[in-house]
Amino acid sequence: MAKAIYNNIQDEIEALKRERKAVIVAHNYQVGEIQDAADFLGDSLNLARWARETDAEVILFCGVHFMAETASILCPDKKVLVPDPEAGCSLADMIRPEDVRRWKLEHLNGVVVAYVNTTAAVKAESDYCCTSANAEQVVRAIPEDKEVLFIPDFYLGSYVKEQTGRKNLHLWRGYCPSHVLIQSADIRRLRTEHPQAEFLMHPECGCLTKSMHLADRILSTEGMTRYVKESPAQEFIVATETGILHRMKKENPQKRFYPASEHAICHYMKMNTLEKVVESLENLQYEVKVPKELAERALLPIERMLAIR
Ligand code: CIZ
């Protein structure tokens, strides 16, 4: 059969979505064109919730690999696709399941709290998952007498430790290579250049301890997008991956946004393109399927995360 001719790639994607009974979910750090093509846009917590609720047969997950794994674990009967199977996460790669097992042996009373930026195999060794939006609430839900083993992000863990005052919280020393590029010197300069701007900071930032006293709010990406809508301020300095600025500008065209660092770019997130989205829907590639036994073990900490908030 002859291939239909479309005026533009967006029309082609819409037609393929209808044909495949598919939805596109996209993370806040995706390139602008993919954010614009998405049915759902958000952080990994909300995307996981949407993935579970949709009655679509195919979920095209535009983010990084661990996010698609989470969707596959939550929706074992749906086909979860990613546009590029190489789009991974350096932070997630900083801890392996055997590292978690070894750490647990050193802390037999320990409860493992895994940031959602972990592989399914690491989640399967964990007790709770959390995102930056609910990490504090998750840790507060754990009885005080239990040691907490927080993996893998050192900076988010340090922030939670400080907020909860929890002395028995141990930290893994992983970090997000994009967020460590945000420097406190840049933040001080931007605050001087834009004295009216509010400064919003993500807890994965490597300069969190040095700069948190300068921040008006420390928030997850979803918290940031909500906050900029509600705040009467007209200007914002945003310390997280720069992809989020597309959404902020689109939703608040009258406000101004400055990235805390132009270099805070996740190259894995940017591997997805509209062309790869088309190929993915056309060929139903690349499927992410977590093996059943592993998925069953990883589901419990994810369910606990979804129950808290
Ligand atoms: O949980 C997420 O989606 C990430 C990686 C960051 C955030 O704050 O939304």
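I take a disulfide to be a pair of cysteine sulfur atoms within 2.5 Å. The model is predicted, so I keep local features at pLDDT of at least 70 and side-chain atom pairs at pLDDT 80 or more, while totals for chains, interfaces and linings use all residues. Residues are numbered from 1 along each chain as its sequence is written, and side-chain values use heavy atoms, without hydrogens and water.

**Cysteines**

I searched the whole structure and found 0 disulfides. Cys89 is in none; its nearest cysteine sulfur belongs to Cys266, 6.9 Å away. I then checked Cys207. Its closest cysteine sulfur is in Cys205, at 5.3 Å, which is too far for a bond. I call a residue buried under 20% relative accessible area, exposed over 50% and partly exposed in between (1.4 Å probe, protein chains only). Cys207 is buried at 7%. Cys89 also counts as buried, at 12%.

**Domains**

I looked up the domain assignment; such bounds come from an automatic or database source. It gives domain 1 (9–88 + 269–291), domain 2 (92–175) and domain 3 (179–259). I read 26 Å between the C-alpha centres of domain 2 and domain 3. Their contact (heavy atoms within 4.5 Å) takes 10 residues from domain 2 and 10 residues from domain 3.

**Core**

I define a nonpolar core as buried Ala, Val, Leu, Ile, Met, Phe, Trp, Tyr and Cys residues joined through side-chain atoms within 4.5 Å. The largest has 54 residues, and Phe61, Val113 and Phe150 touch the most other members. Domain 1 and domain 2 both give residues to this core, so it lies between them. I listed the contacts of Phe150, leaving aside neighbours within four places in sequence; among them are Trp103, Val113, Cys130, Leu156 and Trp172.

**Pocket**

I used a 1 Å grid over the protein atoms alone; a pocket is an open set of points where a 1.4 Å probe fits, with protein on both sides within 12 Å along at least five of seven lines, and lining residues have an atom within 4 Å of a point. The largest pocket holds about 380 Å³ of space. It is lined by 32 residues, and Tyr29, Asn117, Cys176, Glu204 and Cys266 are the closest to its centre.

Note on methods. Grid points are joined across faces, edges and corners, and a volume is the space filled by probe spheres set on the points.
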